[in-house]
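Visitor: I would like to walk through this model, one question at a time. Where shall we start?

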Amino acid sequence: MQVYFFHLMPYGELDLAKSDEYNSAWVTIPNDCFDPAVGTKLYNRYIGELELADQLGFDGVCVNEHHQTAYGLMPAPNLIAAALARTTKNAKICILGRALPLVNNPMMIAEEFAMLDHMSGGRIITGFVRGIGSEYFSNSVNPTFSHERYYEAHELILKAWTETGPFRYQGKHYQFDYVNMWPRPLQRPHPPVWIPSQGSMETIVWCAAPERKYTYLQTFSPYPVALKAFNAYKEEARKHGYEASPDQMGWAIPTYVAETDEIAMRELQPHVETFFNKFLRFPSIEMRLPPGYSSIASTKSLMELKFKNRTSSTLETLIKNGMILVGSPQTVREKILACQKEMGFGHLMAMLQVASLPAELTEKNIRLFASEVMPYLQQPGLQPAEIKASA
Amino acid sequence: MREVVQDVRGTPVRMLEEGTGPTVLMLHGIDGPSADPLNVELAKTHRVIVPELPGFCHSGIPDWMMGISDAAYFVMDLMATLGEPKIHLAGHSIGGWIAAEIATRCTHDLASLTLLAPAGVMPVEAPQQDVFLLTGDAGVRQLFHDQKLADAELLRRADDLLDITLQNRAGLARLAWTPRMASVTLAQWLHRIDVPTLIAWGENDKILPFANHKTFTAEIAHAKFVGFPACGHAITHERGMEVARLMSALMGNAHSRSSGAK
């Protein structure tokens with residue numbers, strides 16, 4: 001299994017009372033809640049945390065894109081990736097992902113990724129997403145074109161990466177008389193493409209198609225939902241006459257380790273509850289699910305799901321639902337290995353910082369995870385004594 | 001009103017129809033066609049036709065419909081199937097925008113034009129409520145100034161299918177997401193409208209600000225304008241009777257002034 005540190009780079013010092021007042025951490029919460037001095041401190045801290053992960057032997061570090069929110073401060077994740085390309089040495093740099101439909105010129109995404117591929121020496125893993133519902137409000141892009149623009153932009157980027165230019169591209173949403181990438185990407189035929197999703201069947205089917213075999217990343221889901229998604233991927237692969245490899249499946253999950261189960265739970269509790277109850281809060285279901293963003297059937301089932309889950313999350317329910325991994329190193333590594341056995345994923349994106357989790361606890365989490373959990377995941381069959389001996 | 005289906009160049013279009021007399025083609029607002037007080041009153045003296053706009057109610061969004069211009073041409077194709085040399089064209093909200101788009105292209109087939117709280121122009125002042133953040137019952141209430149009328153509308157809608165509501169929002173979004181409920185260029189061409197025109201607006205419209213009427217009245221100089229105090233966006237419900245009277249007068253004058261009144 002390969003192990004990554006996935007950072008959301010939240011505005012950890014969010015004024016929770018103000019967030020309550022607007023019932024939102026997205027789009028409508030006024031940006032006077034963002035203190036620039038705090039922002040500068042956080043960017044430097046978070047980049048440092050990702051650099052530390054590289055030094056400690058993580059297989060990769062992950063960033064992603066969100067707009068107008070305290071949930072994550074990376075409207076332009078490639079900027080963070082560019083900084084990391086120079087300051088990290090071995091870790092893969094995963095941009096999970098860029099939101100294709102939100103841009104009017106997908107060629108810029110193709111070009112930026114190609115640049116990053118060179119700057120990192122071929123260490124980037126690219127990710128393509130549609131952007132979440134609220135981002136169609138914050139970016140003024142018509143949500144009814146979301147799917148069409150996603151598929152079309154994806155097609156254009158892949159062609160631009162792999163075909164000799166100049167050539168013409170005439171789509172419904174994007175038209176170019178000259179497609180001729182300078183630079184071409186370093187990795188051949190192109191950098192890996194991973195697709196994060198919360199379990200959309202359409203996405204799973206699309207990823208598993210033999211012409212793509214994209215790594216599918218399950219994010220923020222109760223364990224049974226994640227398991228169902230991976231099983232669906234494997235089933236889809238079998239329909240196409242192949243077995244899905246672990247490399248085609250990744251699981252992203254908030255993870256916290258401390259000296260004992262009790263300490264871990266006590267330290268994580270306020271921050272993870274803030275994360276699920278405050279940072280993932282939208283002013284209305286309409287902002288989460290704008291019109292035409294998903295099919296009517298999917299919209300209805302998502303609405304039902306969101307209404308069902310309106311109660312606030314507690315540490316207890318999050319653990320029970322398999323939304324987070326928390327405990328002593330032994331508890332967490334046993335849990336991960338048991339999950340992997342059942343789910344079959346080959347990539348674990350541990351989200352080692354959430355919401356307001358402060359610097360010292362984050363660093364403790366990263367170091368303890370790296371020394372006491374990660375080696376057992378990276379080297380199957382390794383025994384605790386061997387780790388201690390090699391340390 | 002009864003439901004009929006009209007074929008428009010191979011596309012079946014569901015329409016509500018009622019009454020006899022001069023033909024009024026009424027383009028519905030954000031929530032699709034309904035036998036609202038305006039349509040019921042008009043149908044006593046006119047043949048009122050309320051088509052489902054493409055992308056609304058029972059139809060998915062057609063692949064070819066990229067924006068308001070496509071919707072306008074589609075309704076022009078529909079008009080050609082009605083067998084009437086001159087049509088009284090009217091529209092509310094998004095329907096008003098489409099009606100205005102049609103009239104800026106060509107008024108040859110129009111006897112008159114009625115724009116009721118029409119979308120289509122860049123807002124003169126910021127709307128109080130984003131139409132795409134209207135939520136459930138509270139959202140319906142935002143459309144009304146008179147909350148007793150909102151109660152009645154909520155009762156009427158109690159059995160509406162969520163599918164239809166979601167489809168209506170998706171159809172609306174296809175046409176009106178960016179700029180919200182507006183066109184950058186429509187105002188430029190409103191001067192081309194040369195048929196008798198009525199513009200009416202609720203002074204308490206939270207979706208499309210009352211002040212937007214200034215762009216329409218400035219560019220369509222001959223238009224009659226009526227503002228209704230204590231009236232929200234749901235003008236066809238809240239002022240159905242009055243609007244029907246104003247429209248009847250407009251249409252009567254248009255007829256008495258010769259069929260090609262310009």
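**Strands, helices and a contact**

Visitor: In β5(B), which residue is the bridge partner of B:Val24?
Guide: A caution first: this is a predicted model. Strands β3 (residues 23-27) and β5 (residues 87-92) of chain B pair in the parallel sense, over 4 bridges. Within β5(B), the bridge partner of B:Val24 is B:His88.

Visitor: What is the strand order of the open sheet in chain B?
Guide: The sheet has 8 strands, and its pairing is mixed. From one strand to the next, the twist averages 25°. The order in chain B is β1-β2-β4-β3-β5-β6-β7-β8.

Visitor: Which strands of chain B stand at the edges?
Guide: An edge strand here has a single partner, so one of its sides is left without a neighbour in the sheet. In chain B, that describes β1 (2-8) and β8 (224-228).

Visitor: At about what angle to β5(B) does helix α3 of chain B run?
Guide: Helix α3 (residues 94-105) of chain B lies across β3, β5 and β6 (110-116) of chain B. Its angle to β5(B) is about 140°.

Visitor: Is B:Thr104 buried or exposed?
Guide: B:Thr104 lies in helix α3 of chain B. Leaving aside neighbours within four places in sequence, its contacts are B:Leu186, B:Trp189, B:Leu190, B:Arg192 and B:Ile193. The cut-off for burial is 20 or more other C-beta atoms within 10 Å. B:Thr104 has 21 C-beta neighbours inside 10 Å, so it counts as buried.

Visitor: How do the buried residues of α10(B) fall, seen down the axis?
Guide: The buried residues of α10(B) are B:Val243, B:Ala244, B:Met247, B:Leu250, B:Met251 and B:Ala254. They line one face of the helix, because they fall within an arc of 130°.

Visitor: Which residues on the other side of α10(B) are exposed?
Guide: What covers the buried residues of α10(B) includes α1 (37-42), β5, β6, β7 (197-202), β8 and α9 (235-238) of chain B. On the other side of α10(B), the exposed residues are B:Met241 and B:Ser256.

Visitor: What does helix α10 of chain B reach from its first C-alpha to its last?
Guide: Helix α10 (residues 240-256) of chain B has 17 residues. At 1.5 Å a residue, 24 Å is expected. The helix comes close to that, reaching 24 Å.

Visitor: How many nonpolar residues has the side of chain B that touches chain A?
Guide: The contact takes 15 residues from chain B and 14 residues from chain A. By class, the chain B side has 3 charged, 3 polar and, to answer you, 9 nonpolar residues.

Note on methods
Residues are numbered from 1 along each chain as its sequence is written. Chains are lettered from A and ligands numbered from 1 in the order in which they are written. This is a predicted model: local features need pLDDT of at least 70, side-chain atom pairs count only at pLDDT 80 or more; totals for chains, interfaces and linings use all residues. Two strands pair if DSSP finds at least two bridges between them. Helices (H or I, at least four residues) and strands (E, at least two) are DSSP runs, numbered from the N terminus. Axes are lines fitted to C-alpha atoms, for helices over the stretch in contact, and angles run from 0 to 180 degrees between N-to-C directions. Two residues are in contact if their C-beta atoms, placed from the backbone, lie within 7 Å. A residue is buried if 20 or more other C-beta atoms lie within 10 Å of its own, exposed if 12 or fewer, and partly exposed in between; C-beta atoms are placed from the backbone. Ala, Val, Leu, Ile, Met, Phe, Trp, Tyr, Cys and Pro count as nonpolar, Asp, Glu, Lys and Arg as charged, and the others, Gly among them, as polar. The expected span of a helix is 1.5 Å times one less than its number of residues. The arc is that of the directions from the helix axis to the C-beta atoms.
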